Amino acid sequence: MKKRQVVVRRGGSGRSTTTSVSRTVRYGECQKNHAASIGGYAVDGCREFMASGEEGTNAALTCAACGCHRNFHRREVDEVVSESSSPSSNNF
């Protein structure tokens, strides 16, 4: 999960706006076509990505359920944007 904070100063109003963006990435069902080499279409039915190891290791990119790389799983991004405004102490 990554969090980004942006401060925007708007002239004239004497207020600054802080925007926070929180993104949560989740990997859903496996979409790897296991029968591509013989011209067919078959998926293994893995419903959700489960990392094989700790975050930051190579094993974290391999699914414990189906053995596929994380890129074969459908990526879902949840993004939450929140804004807050406060009086600015600096007068530009």
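Before we look at any residue, one definition: buried means under 20% relative accessible area, exposed means over 50%, and partly exposed is what lies in between, with a 1.4 Å probe and protein chains only. By that scale Glu-29, with a relative accessible area of 23%, is partly exposed.

What we have here is a predicted model, in which local features need pLDDT of at least 70 and side-chain atom pairs count only at pLDDT 80 or more, while totals for chains, interfaces and linings use all residues. Residues are numbered from 1 along each chain as its sequence is written, and side-chain values use heavy atoms, with hydrogens and water left out.

Let me start with His-73, which lies in strand E3, residues 73-87; helices (H or I, at least four residues) and strands (E, at least two) are DSSP runs, numbered from the N terminus. Is His-73 buried or exposed? His-73 counts as buried, because its relative accessibility is 4%. If we set aside residues up to four places away in sequence, His-73 touches Tyr-27, Gly-28, Glu-29, Cys-30, Cys-46, Glu-48, Phe-49, Cys-63, Cys-66 and Cys-68, where contact means heavy atoms within 4.5 Å. A polar atom of the His-73 side chain also lies 3.5 Å from the backbone nitrogen of Cys-30; for a polar contact the rule is a pair of N or O atoms within 3.5 Å, where within protein one must be able to donate a hydrogen and the other to accept it, and residues adjacent in sequence count only if both atoms are side-chain atoms. Along the chain His-73 and Lys-32 are 41 residues apart, and yet their C-alpha atoms are separated by 7.6 Å.

Which residues make up the largest nonpolar core? There are 6 of them, namely Tyr-27, Cys-30, Cys-46, Phe-49, Cys-63 and Cys-68, and the term stands for a set of buried Ala, Val, Leu, Ile, Met, Phe, Trp, Tyr and Cys residues joined through side-chain atoms within 4.5 Å. As background, nonpolar side chains tend to be buried together in soluble globular proteins. Phe-49, beyond its neighbours within four places in sequence, is in contact with Tyr-27, Gly-28, Ala-60, Leu-61, Thr-62, Cys-63, Arg-70 and His-73.

How many disulfides does the structure hold? The structure holds 0, a disulfide being a pair of cysteine sulfur atoms within 2.5 Å. Cys-30 is buried at 6% relative accessibility, and Cys-63 is buried with a relative accessible area of 2%.

Let us turn now to charged side chains. A search of the whole structure finds 5 salt bridges, each a side-chain nitrogen of Lys or Arg within 4 Å of a carboxyl oxygen of Asp or Glu. In one of them Arg-23 pairs with Glu-79, with the closest N and O atoms 2.7 Å apart. Because Arg-23 lies in strand E2 and Glu-79 in strand E3, this pair ties together parts that are 56 residues apart in sequence. Both residues are partly exposed, Arg-23 with a relative accessible area of 30% and Glu-79 with 47%.

Another salt bridge joins Glu-48 to Arg-26, where the closest N and O atoms are 3.6 Å apart. This pair links distant parts of the chain, as Glu-48 is in the loop between E2 and E3 and Arg-26 is in strand E2, 22 residues away. Glu-48 is partly exposed at 42% relative accessibility, and Arg-26 is partly exposed with a relative accessible area of 37%.

A further salt bridge is formed by the side chains of Arg-74 and Glu-29, at 2.7 Å from N to O. Here Arg-74 in strand E3 and Glu-29 in strand E2 are 45 residues apart. Finally, Arg-26, Glu-29, Glu-48, Arg-74 and Glu-76 are linked in a network of salt bridges.
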